[in-house]
Amino acid sequence: MPEQDVTVGQLLLAEYQSVKDEQKARIGFRDNLLYVTLAVVAAVIAATAQAEQPSMLLALPPVCVVLGWTYLVNDEKISAIGAYVREDLGPRLAALARPGGGFQAFGWETAHRGDARRRSRKAVQTAVDLTAFCAVPLAALVVFWADGDGGRLLVAVSVLEALAVTGLASQVVRYARAA
């Protein structure tokens, strides 16, 4: 069987397919994290109401911080893959296809970013992220603090949780500004 040479273009297209598959998997995982967060919040609130133990709400902040951080990291990787395709892989493939220039590979990677409503969608998404991963656990802490029957250790834990949630909120906002 004769050997077949692999061209640079074929390698770049294979890399493109690989990174797009990773991006697609990360998008599905990231989006499911919101549903998981909603399910956890509902379960903790239901258990808290049934047991009439506001201290059970202290489970929400660490869970929301972990899920929110995982969401944020995946979102950043999704964006990084898009930037890599737009700024590196696409231009290299375009140069192979038309060495003199004038050809843009993977135009969708750039075109969809020019939508007039992109800024408003990003703002709404930031608000959703802040609500799901930060406002809900902070509200749970306020309910716990308002109960006033937590004891010193639980109050100290709740303060640490509030700091963690606030830290996550700052990262969500920082990332949204960078994007």
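Glutamate 52 counts as exposed because its relative accessibility is 67%, where exposed means over 50% relative accessible area, buried under 20%, and partly exposed in between, with a 1.4 Å probe and protein chains only. The model is predicted, with local features needing a pLDDT of at least 70 and side-chain atom pairs counting only at pLDDT 80 or more, while totals for chains, interfaces and linings use all residues. Residues are numbered from 1 along each chain as its sequence is written, and side-chain values use heavy atoms, leaving out hydrogens and water.

The protein chain holds five helices and zero strands, these elements being DSSP runs numbered from the N terminus (H or I of at least four residues for helices, E of at least two for strands). Followed along the sequence, the protein chain has the pattern α-α-α-α-α. Its radius of gyration is 23 Å, well over the 16 Å that the globule rule gives for 179 residues, so the protein chain is more spread out than a compact globule; the radius is taken over C-alpha atoms, and the rule is 2.2 Å times the number of residues to the power 0.38. Along the principal axes, the C-alpha trace of the protein chain spans about 75 × 45 × 25 Å, and 31% of its 179 residues are buried.

Helix 2 has a kink of about 40° that is centred on valine 85, the bend being the angle between axes fitted to the seven residues ending at a residue and the seven starting there.

Two loop residues deserve a separate look. Most residues other than glycine have a negative phi. Glutamate 52, in the loop between helix 1 and helix 2, has a positive phi of about 55° although it is not a glycine. Its C-alpha atom lies 44 Å from that of glutamate 22, which is 30 residues away along the chain. Phenylalanine 106, in the loop between helix 2 and helix 3, likewise has a positive phi of about 55° without being a glycine, but this residue counts as buried because its relative accessibility is 18%.

The pockets come next. A pocket is an open set of points on a 1 Å grid over the protein atoms alone, with protein on both sides within 12 Å along at least five of seven lines, and lining residues have an atom within 4 Å of a point. A volume is the space filled by probe spheres set on the points.

| Pocket | Volume | Lining by class |
|---|---|---|
| Largest pocket | about 860 Å³ | 12 nonpolar, six polar, 11 charged residues |
| Second largest pocket | about 160 Å³ | three nonpolar, one polar, three charged residues |

In these classes Asp, Glu, Lys and Arg are charged, Ala, Val, Leu, Ile, Met, Phe, Trp, Tyr, Cys and Pro are nonpolar, and the others, Gly among them, are polar.

The largest pocket has a volume of about 860 Å³; 29 residues line it, and those closest to its centre are Arg30, Asp75, Ser79, Arg118 and Lys122. Two or more lining residues come from each of helix 1 (8-51), helix 2 (60-97), helix 3 (108-111), helix 4 (118-147) and helix 5 (151-178), with helix 2 giving the most, nine residues. The second largest pocket is lined by Arg118, Arg119, Lys122, Ala123, Thr126, Ala176 and Ala179, and helix 4 supplies the largest share of that lining, five residues.

Note on methods: 1 Å grid on protein atoms, 1.4 Å probe; cavity = no way out; pocket = protein on both sides within 12 Å on 5 of 7 lines; lining within 4 Å.
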